[in-house]
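Subject: Structure handover

Hello,

Here is the structure we spoke about. Please load it before reading the notes that follow.

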Amino acid sequence: MDETDQRLIAELRRDGRASLSELADKLEMSRATVRARMERLTARGEIAGFTVVTRADVTAAPVRGLMMIGIEGRGGEKIMARLSGLPAVMAVHSTNGKWDLIVELATQTLLELDDVIHRIRNIEGVITSETNLLLSTRKAGRR
């Protein structure tokens, strides 16, 4: 991926709905070149897809947080499966360093979030955790 591809991806992150003409103008290249680069980036897997974030995505569960979890032993897969079964869990990430797992949580209220945190802490094999509330979110490349 060269610098032009990186600039194209940055523009798509800013506005995933930008037309080929708009992208061509911003990048100072032809529409055909933009289209060819997008097709190549998609075919190579550099662009894995396009997505839409709706108001419902943000308002359906306005209380969001990240929970870092330390586990004991080798029960990671079992714990990840249990976490994935909880409705408030949006994603489970394995990681390295101090924490073994990072869990993305989303609930309607702080009380619901508190309940989910207690349920997770009671899962066998979870030995420590730390939760941070997400106060605001900016997509990469947005100002």
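L12 counts as buried, with a relative accessibility of 11%; buried here means under 20% relative accessible area, exposed over 50% and partly exposed in between (1.4 Å probe, protein chains only). This is a predicted model, so local features need pLDDT of at least 70 and side-chain atom pairs count only at pLDDT 80 or more, while totals for chains, interfaces and linings use all residues. Residues are numbered from 1 along each chain as its sequence is written, and side-chain values use heavy atoms, with hydrogens and water left out.

Helix α1

L12 lies in helix α1, residues 3–14. Helices (H or I, at least four residues) and strands (E, at least two) are DSSP runs, numbered from the N terminus. Not counting residues up to four places away in sequence, L12 touches L23, M38, I47 and F50, where contact means heavy atoms within 4.5 Å. L12 and L23 are eleven residues apart along the chain, and their C-alpha atoms are separated by 8.2 Å.

The twelve residues of α1 should span 16 Å at 1.5 Å a residue, and the 17 Å between its end C-alpha atoms agrees with this; the expected span is 1.5 Å times one less than the number of residues. T4, D5, L8, I9, E11 and L12 are the buried residues of α1. Seen down the helix axis, they fall within an arc of 160°, so they line one face of α1. The arc is that of the directions from the helix axis to the C-beta atoms. These buried residues pack against α2 and α3.

Helix α3 and its two ends

E28 lies in the loop between α2 (20–27) and α3 (31–43). Although E28 is not a glycine, it has a positive phi of about 55°. Most residues other than glycine have a negative phi. E28 counts as exposed, at 74% relative accessibility.

α3 has 13 residues and reaches 18 Å from its first C-alpha to its last, close to the 18 Å expected at 1.5 Å a residue. V34, R37, M38 and L41 are buried in α3. Viewed down the axis of α3, its buried residues fall within an arc of 100°, so they line one face of the helix. They pack against α1 and α2. On the other side of α3, E39 and A43 are exposed. Just after α3, G45 takes a positive phi of about 85°.

Nonpolar cores

Which residues have the most contacts inside the largest nonpolar core? They are I69, L83, L101, V103, L105 and I120, in a core of 20 residues. β1 (63–71), α5 (76–84), β2 (89–94), β3 (101–107) and α6 (110–121) each supply at least two residues of this core. A second, separate core has twelve residues, including A24, M29, V34 and I47. A nonpolar core is a set of buried Ala, Val, Leu, Ile, Met, Phe, Trp, Tyr and Cys residues joined through side-chain atoms within 4.5 Å. Leaving aside neighbours within four places in sequence, I120 is in contact with M67, I69, L83, L86, L105 and V126.

Strands

Seven of the nine residues of β1 are buried, so β1 is largely enclosed by the rest of the structure. β1 and β3 pair in the antiparallel sense over seven bridges; two strands pair if DSSP finds at least two bridges between them. G65 has L105 of β3 as its bridge partner. β1 also runs antiparallel to strand β4 (residues 126–133), joined by seven bridges, and there L66 is partnered with N132.

T107 is in strand β3 and counts as buried, at 4% relative accessibility. A polar atom of the T107 side chain lies 2.9 Å from the backbone oxygen of T109. Leaving aside neighbours within four places in sequence, T107 is in contact with A61, P62, V63, A88, E112, L113 and V116.

E124 sits in the loop between α6 and β4 and is exposed, with a relative accessible area of 68%. Not counting residues up to four places away in sequence, E124 touches I79 and R82.

Regards

Terms used: A polar contact is a pair of N or O atoms within 3.5 Å; within protein, one must be able to donate a hydrogen and the other to accept it, and residues adjacent in sequence count only if both atoms are side-chain atoms.
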